[in-house]
Each structure stands twice: as C-alpha cells, then as structure tokens.
Protein chains: 2
Amino acid sequence: MADVKSGTNPLFLREEELRQCIELLFFAYRDFTAGPDEILREYNFGRAHHRVIHFVCRNQGITVSELLEILRITKQSLSRVLNALVERGFVEQRPGVTDRRQRLLYLTEEGKKLEQKISKIQRNQVAQAFMEAGGEAVAGYRKVLSGLINESDRERALKRILNK
Amino acid sequence: MADVKSGTNPLFLREEELRQCIELLFFAYRDFTAGPDEILREYNFGRAHHRVIHFVCRNQGITVSELLEILRITKQSLSRVLNALVERGFVEQRPGVTDRRQRLLYLTEEGKKLEQKISKIQRNQVAQAFMEAGGEAVAGYRKVLSGLINESDRERALKRILNK
DNA sequence: AAAGTAAGTCAACATGGCTGACGTAAAATC
DNA sequence: GATTTTACGTCAGCCATGTTGACTTACTTT
C-alpha cells in the first residue's frame with residue numbers, strides 16, 4: 001500500500017517542493033516591489049513607470065518597439081506612461097540617426113537621479129539577501145531564474161541582461 | 001586615475017551584478033505568470049483569482065483576514081475576486097467552529113481541478129528549470145528568495161510556505 | 001510611385017488596486 | 001448584562017494600467 005503522501009514517495013516530495021518554490025517566488029516578488037512602490041508614490045508614478053525607467057536606464061537609446069517587446073504590453077499602454085515621463089522631464093526622446101522614424105529613449109539627468117534612488121533600495125535588498133545566502137547560492141539563483149525565462153526568448157533576454 | 005567602469009573595480013562589478021539579478025527576477029516573473037494567465041482567460045479569471053485559488057489550496061480553511069495579510073490588498077479588492085470564485089463554485093465558505101464570525105475558505109472539487117490545471121503548468125516550468133540547473137542551484141535559489149522576503153514577515157511567510 | 005514600418009493618437013472598455021462610510025453578527029471585556 | 005471590539009461584508013466611487021480597434025504621420029524600402 002503505497003502512501004501517496006508518504007515522505008518516501010519521490011513524486012510527492014517533488015510536487016510539494018515545486019509548490020514551495022513557486023510560492024517563494026510570489027513572496028519574494030511581493031516584497032521586492034514594495035520598496036520602489038513607496039518612493040514612486042511620492043512622484044505620483046507607479047510600477048509601470050518604474051519598469052520604463054529601469055529598462056531605459058539599462059538600455060540608453062533603446063527604441064520604442066524594443067521596449068514594447070521587453071515589457072510585453074501594447075504601445076497604447078506604454079504611451080500613457082512614457083508620455084508622462086517625457087512631459088515631466090525624466091525621459092528624453094531623440095530621433096534615430098540611421099532611421100529617423102525611431103525615437104530613441106534616454107534618461108535625463110533627473111531621470112537618472114530617480115533611477116538611482118529607486119534602484120538603490122532594491123540593490124541593497126538584493127545585496128543583503130546575497131550576503132546572507134553566499135556566492136554559491138547566488139550562482140544557483142541566477143541559473144534557476146535564467147531557466148524560468150521563456151525558452152524562445154531566453155537567449156535574447158539573457159543577452160540583454162548581461163549586455164555591454 | 002581609477003576607472004570606475006573598469007572590470008577590476010569591485011564596487012562597479014557588484015552594482016552591475018546586482019542590477020543583472022534584479023532584471024533576471026523581472027523576466028522570470030514575467031514569463032512565469034504568462035502560462036497561468038492564458039488558462040485563466042478561458043475562465044474569465046485574472047491573476048487576482050489565481051492568487052486566491054493558490055493560497056486557499058495551500059491553506060484549506062484559511063480565514064479571510066489571513067488571506068488578506070498574505071496578499072496585502074484591501075478586503076474590498078479581495079471581495080470582488082472572492083465573490084466571483086464563490087458564486088461560480090470554485091471556492092466554498094464555512095463558518096468557523098470555534099469562532100463563528102469567521103468564514104473559512106476551501107476549494108471545491110471544481111476549484112481543486114482548476115488549481116491542478118493551472119499549477120501543473122507552473123510546476124512543469126519550474127521542474128524544467130530545476131533539472132537544467134541542478135540540485136545545488138535549487139538550494140541557492142531557495143536561500144536567496146527567502147532572503148528577499150521582508151525581514152519582519154520572513155519567519156511567518158516561510159513557516160506558511162513550508163507548512164505541514 | 002507604392003508598400004511597408006516606427007511611432008503616435010483617439011476612444012472605449014476591463015481588471016484590479018484604492019479610500020471612505022456604514023452594517024451585522026459574534027466574541028470579548030467591563 | 002451592557003458595551004466594545006472583532007471578523008467580515010457591502011455600496012459607491014476613484015485611479016492605474018492593461019486591452020482592442022481604427023486611423024494618421026513620417027520615414028524607409030522596394
């Protein structure tokens with residue numbers, strides 16, 4: 001009589017472990033976004049603005065369509081957020097050099113300051129977790145999260161993350 | 001002339017690595033939620049419904065206030081989603097035994113079926129990533145993500161995750 | 001010259017957060 | 001036993017951020 005719930009059943013162990021790791025991701029993400037949200041509120045910005053600021057910072061001169069592809073939202077959704085950032089002087093648009101239809105995106109000095117302010121909180125949070133966990137754990141974290149990225153997009157995404 | 005951008009500057013390396021790991025979390029979460037979202041759409045449910053289904057499944061008989069604390073949303077926000085799930089027969093409410101003010105939450109058979117269907121996708125996705133990354137990496141993943149949980153809530157959250 | 005592409009706009013709608021005010025039943029306390 | 005607190009719920013309205021669909025403009029490619 002094989003007890004499905006027995007600790008000796010590898011399939012059950014596996015499912016339970018997987019569920020725990022899924023939940024872990026939820027809690028980590030929940031608390032990981034809480035800090036930035038607080039600062040953003042002071043500026044009347046939201047998480048959507050943060051994402052734009054982050055990716056424009058990491059990819060100065062990015063095109064609108066590249067940004068859309070990263071964020072996986074519609075251009076109408078992006079435009080609201082992007083226009084607000086441009087109007088309030090956090091993001092700057094410059095026509096592309098080789099293709100003048102493009103409007104390349106850059107953070108202004110103001111934008112860079114805000115990015116620093118927000119990302120510092122997250123970096124401290126991550127640094128703290130890294131210190132507690134140790135270098136080997138960090139390597140594991142990177143490996144697993146990389147594997148969670150959609151396979152068809154993984155290479156491109158990783159290239160972007162590790163860029164330069 | 002110390003080059004701040006030099007690869008030999010540990011502070012720069014550190015910041016760059018931290019930023020990469022932050023971005024990794026964004027991409028992983030983005031693609032991690034895409035699968036469930038697709039299924040949920042067929043039921044006219046959203047991510048909010050999924051979260052309720054998930055945590056009620058993992059904590060059968062959970063009280064409304066415990067659920068609110070996990071999700072970190074207002075009861076008004078929860079009620080919309082919860083009422084829909086109850087009305088459509090995915091979640092069941094039973095009065096508490098010792099405290100009859102409570103309405104303990106349970107998944108119905110229907111609810112369990114949907115949960116299985118959704119979580120199977122995520123479990124497969126995570127299992128795949130785990131296989132590619134290896135057991136040591138998984139341990140690292142768990143360590144780091146645990147450390148990302150808000151310190152004041154960490155113990156309680158981890159207890160809930162690892163429960164039973 | 002025509003077709004395709006990058007980006008933007010307007011309008012309307014859905015989801016899921018939020019606040020504030022108020023209600024009801026049960027439990028806990030004075 | 002009366003009062004206060006607690007668990008939960010509702011109504012109403014607002015806001016942020018996602019969606020679709022239709023159309024325009026400027027530029028590039030063919």
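These legends describe close-up views of a predicted model. Local features need pLDDT of at least 70, side-chain atom pairs count only at pLDDT 80 or more, and totals for chains, interfaces and linings use all residues. Residues are numbered from 1 along each chain as its sequence is written.

**View 1. The protein surface near DNA strand C**. By class, the surface has 3 nonpolar, 12 polar and 10 charged residues. α2(B) gives the largest share, 4 residues.

**View 2. Contacts with the phosphates of DNA strand C**. A polar side-chain atom of R51(B) lies 2.2 Å from a phosphate oxygen. Backbone N or O atoms also take part: one of V64(A) lies 3.3 Å from a phosphate oxygen, and one of R100(B) lies 3.3 Å from a phosphate oxygen.

**View 3. The interface of chain B and chain A**. Chain B gives 63 residues and chain A gives 63 residues to the contact (heavy atoms within 4.5 Å). The two chains bury about 6300 Å² (accessible area lost on being put together, 1.4 Å probe, summed over both). Of this, 65% is on carbon and sulfur atoms.

**View 4. Salt bridges between the chains**. The interface holds 16 salt bridges (a side-chain nitrogen of Lys or Arg within 4 Å of a carboxyl oxygen of Asp or Glu). One of them joins R123(B) to E15(A). Their closest N and O atoms are 3.4 Å apart. α1(B) gives the most to the side of chain B that touches chain A, 19 residues.

Terms used: Chains lettered and ligands numbered in written order. Heavy atoms only, no water. Near = heavy atom within 4 Å. Polar contact = N/O pair within 3.5 Å; in protein donor to acceptor, adjacent residues only side chain to side chain. Helix = DSSP H or I, 4+ residues; strand = E, 2+ residues; numbered from the N terminus. Nonpolar A, V, L, I, M, F, W, Y, C, P; charged D, E, K, R; others polar.
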